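Okay, thanks for coming, everyone. I'd like to walk you through one model today, helix by helix. Let me put it up on the screen.

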Amino acid sequence: MPQVIIVSLIDIFAILLIFVIVTTTFKRIQPEVTIKLPESKSAVTADSSDEPVLLSITEAEEIFLDAKQVSLDELTAAVRKLIAEKGRPSLAMKADKKVSYGFLIQVLDALKEAGVKGNLSAFTEKR
């Protein structure tokens with residue numbers, strides 16, 4: 001009568017368990033937008049307790065306001081609506097380093113038209 005060797009099975013299950021634990025990663029949800037951030041020597045970390053509203057600008061000059069794509073023409077209205085809903089939320093900008101300076105100025109003008117005042121946080125790469 002054939003016998004099952006339990007010690008070998010336990011070894012195989014232990015190796016499979018280790019493999020599953022090592023290969024499993026726990027990450028925060030990654031945004032759909034891929035942005036290459038510029039570096040900064042004088043950047044500091046924000047001490048805000050609430051999560052800021054994220055304004056992302058891609059290399060192709062697409063604008064995303066909290067993961068929702070908006071055009072430059074729609075940005076002012078979208079930010080005004082956001083201010084009406086949430087009061088004065090903190091706003092953080094995440095722009096690709098290859099975005100043209102002129103487009104960035106247009107975005108900043110649209111934000112100013114919408115009533116955004118004060119400091120605008122910006123994301124940079126860590127050195």
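Let's start with H1. None of its 18 residues is buried, so H1 lies largely in the open. By "buried" I mean under 20% relative accessible area, with exposed being over 50% and partly exposed in between, using a 1.4 Å probe and protein chains only. Helices here are DSSP runs of H or I with at least four residues, strands are runs of E with at least two, and both are numbered from the N terminus.

Before I go on, some housekeeping. This is a predicted model, where local features need pLDDT of at least 70 and side-chain atom pairs count only at pLDDT 80 or more, while totals for chains, interfaces and linings use all residues. Residues are numbered from 1 along each chain as its sequence is written, and side-chain values use heavy atoms, leaving out hydrogens and water.

Back to H1. The expected span, by the way, is 1.5 Å times one less than the number of residues. Ile10 sits in this helix, which covers residues 6-23. Ile10 also belongs to a nonpolar surface patch with Val4, Ile6, Leu9, Ile12, Phe13 and Leu16, and together they have about 700 Å² of accessible area. A patch takes residues with over 30% relative accessible area and no salt bridge, joining nonpolar side chains (Val, Leu, Ile, Met, Phe, Trp, Tyr) within 5 Å and like charges within 9 Å. A salt bridge means a side-chain nitrogen of Lys or Arg within 4 Å of a carboxyl oxygen of Asp or Glu. Areas come from the Shrake-Rupley method with a 1.4 Å probe, and for residues only the protein chains shown count as cover.

Now the whole chain. There are three helices and five strands, running α-β-β-β-α-β-α-β from the N terminus. Of the 127 residues, 24% count as buried. The accessible surface comes to about 10,100 Å², and 58% of that belongs to carbon and sulfur atoms.

Next, H3, residues 101-114. Its 14 residues reach 20 Å from first C-alpha to last, close to the 20 Å expected. Which residues of H3 are buried? They're Phe103, Val107, Ala110, Leu111 and Ala114. Looking down the axis, the buried residues of H3 fall within an arc of 100 degrees, so they line one face of the helix; the arc uses directions from the helix axis to the C-beta atoms. On the other side of H3, Tyr101, Lys112 and Glu113 are exposed. The cover over the buried residues of H3 includes strands E1 (53-57), E2 (63-65) and E4 (91-95), plus helix H2 (72-86).

Not counting residues up to four places away in sequence, Thr76 touches Ala110, Glu113 and Ala114, a contact being heavy atoms within 4.5 Å. Ala114, on that count, touches Thr76, Val79, Arg80 and Ile83. Thr76 counts as buried at 11% relative accessibility, and Ala114 does at 9%.

Last one: Glu61, in the loop between E1 and E2. Glu61 isn't a glycine, yet its phi is positive, about 60 degrees.
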